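Good morning, everyone, and thank you for making time for this short talk.

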Amino acid sequence: MGFKILLRGIVQGVGFRPFIYNLALKNGLKGYVENSSDGVEIFVDGETSAEGFLDEILSNLPPLAYVIDYSVEEDVTLDEHIERFYIKKSRQTAGITFVSPDTAICSDCKEELFDEKHHKYMYPFINCTNCGPRYSIMENIPYDRSNTSMKYFKMCSVCQSEYDEPENRRFHAQPNACNVCGPKVYFKDLSGKKLIEIARKYLNDGKIIGVKGIGGYHIMCDAMRHEAVSRLRDFKSRKFKPFALMIKDKNTLMKYNINLSLEEEKLFESKIAPIIIKEIDDNRFFHINPLGKNIGIMKAYTPLHLLLFDGFKGDFLIATSGNIKDEPIAIDEKTAEERLSVCELFLHNDREIVNRVDDSLVRFVNEKPYMLRRSRGYAPLPVVIRNRLQKEIVGLGAHLKSSICFVKNDYAFISQYIGDLENYEAQNFYEEVYERMKRLFRLNPAVAITDLHPDFFSTKFAKRLKIPTFEVQHHIAHMYANMAENSLTDNVIGIVFDGTGLGDDGKIWGGEVFVVKEGKTKREIHLEYTPLIGGESAIKNPYRMFLSYIVHFGIDNAEIDEKYLKEYELIKKVIKNNVNIVETSSMGRFFEAIGAYLLGIEQNEFEAHSAIALEGLCVDGYDESYEAHILDGEIKVKKIVENIISDFKNGEDIGKITTKFHNTVADLIFRSAIKMKEKYNINRVSLSGGVFQNIFLLRKTVNLFKKNGFEVFLHKNVPSNDGCISLGQVYFYILNNR
Ligand SMILES: [Zn+2]
Ligand SMILES: [Zn+2]
């Protein structure tokens with residue numbers, strides 16, 4: 001008798017079986033390890049639990065391994081008699097090929113980078129079998145040099161011998177290269193070390209430079225040079241949106257008293273090396289995030305970054321995406337020089353970026369990672385879902401923050417973050433990602449799942465594929481994305497508080513409570529409808545939305561600022577005449593309207609700007625909330641708005657009003673769920689939608705549920721915003737088309 005562990009993911013060809021073998025010997029275990037169709041199977045004989053061994057495996061994985069999923073079977077009895085631990089001969093199986101994400105520089109390469117005696121000393125693209133670019137340079141599978149953009153570089157004899165020698169850390173390291181034979185940095189007539197020196201001097205002088213990285217260009221400058229940062233803000237038309245900071249290593253964090261939790265530190269130091277959002281209460285960073293205390297931090301994750309830090313006098317570099325508003329990040333020299341005119345110098349290089357990947361963005365909630373943007377380091381690893389379909393399908397995602405999700409067997413291959421499909425460049429990128437993933441994973445979808453909205457680029461794209469299509473409502477897709485990640489199939493209450501998406505009644509939804517019971521998805525409660533004056537342009541004009549609320553609900557205690565009077569009168573007229581008014585139940589718009597009123601924000605600089613500003617003012621430990629009602633399936637708005645207005649007019653502290661408002665929404669979520677529990681006897685709640693990127697609200701809500709015996713499910717691998725839609729689309733199809 002013993003236990004079986006099945007690990008799936010990138011666990012073949014990465015030294016996994018010897019690793020398990022050694023671990024087993026160390027623990028004096030008997031059994032075997034063998035490759036299976038999509039992973040590795042381990043059997044351990046004896047009266048012992050799998051837990052300890054599994055923990056040891058997962059926390060000591062070989063550098064290149066990625067475990068996507070695992071299962072454990074206890075009390076397994078085998079026929080064969082086992083006397084020792086051994087590696088079973090491989091069964092040749094036709095499994096799925098996984099593609100490794102791009103990986104941050106490893107500690108060995110880091111050391112060699114600064115080792116004068118090493119032949120890769122100061123080489124900005126040093127890498128090995130354990131680190132370096134992967135997905136971003138891959139054109140096709142199998143993962144051979146000839147299928148990557150490294151094919152243009154012939155290895156020198158030193159590199160070649162590393163590559164050929166099984167004992168070497170660079171044995172079959174496809175991007176292996178050095179100063180002699182590999183890609184080089186260049187700009188005009190400058191190149192190599194000389195150029196990097198100049199670039200560093202530029203940074204020290206408060207200048208702005210463009211740096212080609214793993215998945216695209218970054219725009220960089222010394223983050224503590226206010227003049228440079230404000231120039232960058234002007235260029236990006238970004239007065240308020242926070243920037244992410246890059247640091248050399250975690251010593252900088254200590255210097256600034258920024259404490260990462262254990263889990264945060266693990267991810268920060270990992271090969272994924274995403275941007276981690278931290279709450280930092282330090283005025284020195286006000287210019288980095290004028291809207292609150294949340295600051296994104298990532299480590300220098302490529303050798304080139306480390307070379308830039310070597311001799312850099314500051315502590316923080318801004319490393320922001322090299323793009324202009326709404327366009328994908330630049331990946332080639334020409335685009336970079338054309339578009340990133342703010343940069344006074346570029347570090348180009350001749351290693352072509354095949355797949356564009358942005359930096360990923362993660363925040364921790366209750367010590368668990370909560371994805372905000374899933375890209376470099378994660379893509380194109382799949383998420384494991386329950387699937388009984390025989391055919392392959394594809395979810396084409398949303399219009400904003402779009403992604404594409406292919407499903408084959410139990411794997412949902414979710415693309416990197418693509419962005420808003422508002423312009424030609426972004427749409428081009430979308431098509432590229434579709435074609436590339438299809439080829440990389442040998443996929444051939446039989447059905448394309450789209451949004452209800454007929455005018456979306458993705459919906460039109462689906463038509464061109466000439467395969468059957470299937471539509472899923474935007475917020476239902478949100479709920480199902482959450483269910484997919486949490487292996488839920490039925491008996492779920494879904495709270496989807498979001499921006500906007502077309503509903504099946506032709507109205508614009510976004511404050512929705514659904515129930516999935518006996519396979520049926522029902523919309524049970526929603527935020528009261530309000531006219532959405534100007535349609536989608538309301539996203540940019542949160543104050544207009546506020547006016548819309550007060551006119552529509554006859555709220556008359558607000559004092560309208562003189563500069564809005566004209567618009568106020570106009571909205572009155574429009575609503576009175578009721579011509580072509582689209583109505584919305586969007587919770588995102590409601591938050592923004594309140595933010596606009598309390599903070600006087602007329603124009604949103606970016607989506608949810610005024611809502612984020614509002615969150616930034618919330619205070620902990622204040623529990624009061626506003627009177628609010630849920631009647632006949634509607635969350636009533638009028639009372640809440642009236643009370644906020646009167647608090648505001650009475651000179652109540654803005655932080656308190658804001659917190660009270662957040663508490664009210666958390667309370668409404670909770671009470672909606674109670675109603676559903678009474679009606680359906682369900683106590684599982686899944687939370688999705690862009691509004692749940694508001695961490696203050698999320699924490700309040702989760703606590704309320706936990707205190708009252710609900711099981712609450714959050715997103716993990718995909719963001720709660722529209723980046724999750726493609727996954728939700730396919731999962732809805734799977735559960736509703738058996
Ligand atoms: Zn390495
Ligand atoms: Zn070489």
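Predicted model: local features only at pLDDT ≥ 70, side-chain atom pairs only at ≥ 80, totals over all residues.

Along the chain, the donors of the zinc ion (ligand 2) follow the spacing C-x2-C-x18-C-x2-C, where donors are N, O and S atoms within 2.8 Å of the metal (3.2 Å for Na, K and Ca), and where sites may look incomplete since water is not among the atoms. Residues are numbered from 1 along each chain as its sequence is written, chains are lettered from A and ligands numbered from 1 in the order in which they are written, and side-chain values use heavy atoms, with hydrogens and water left out.

Which residues hold the zinc ion (ligand 2) as protein donors? They are Cys156, Cys159, Cys178 and Cys181, each through its SG atom, lying 2.2 to 2.3 Å from the ion. The four donor atoms subtend angles of 104 to 115° around the zinc ion, so the arrangement is tetrahedral, a term used for four donors if all angles lie between 85 and 135 degrees. Cys156 and Cys159 are both buried, meaning under 20% relative accessible area with a 1.4 Å probe, protein chains only.

The structure holds three cavities of 30 Å³ or more, a cavity being a set of points, on a 1 Å grid over the protein atoms alone, where a 1.4 Å probe fits but cannot get out; lining residues have an atom within 4 Å of a point. The largest cavity has a volume of about 120 Å³, volume being the space filled by probe spheres set on the points, which are joined across faces, edges and corners.

Of the 18 residues that line the largest cavity, Pro124, Ile214, Thr302, Pro303 and Arg351 lie nearest its centre. Where does this cavity lie? Domain 2 (107-164) and domain 3 (185-349) both give residues to its lining, so the largest cavity lies between them, with the domain bounds coming from an automatic or database domain assignment.

The second largest cavity has a volume of about 60 Å³, and its lining includes Ile214, Gly215, Gly216, Tyr217 and His218, as well as Asp358 and Asp359.

Terms used. 1 Å grid on protein atoms, 1.4 Å probe; cavity = no way out; pocket = protein on both sides within 12 Å on 5 of 7 lines; lining within 4 Å. Tetrahedral: all angles 85-135°; square planar, octahedral: opposite > 155°, others 65-115°. Buried < 20%, exposed > 50% of the residue type's maximum accessible area, 1.4 Å probe, protein only.
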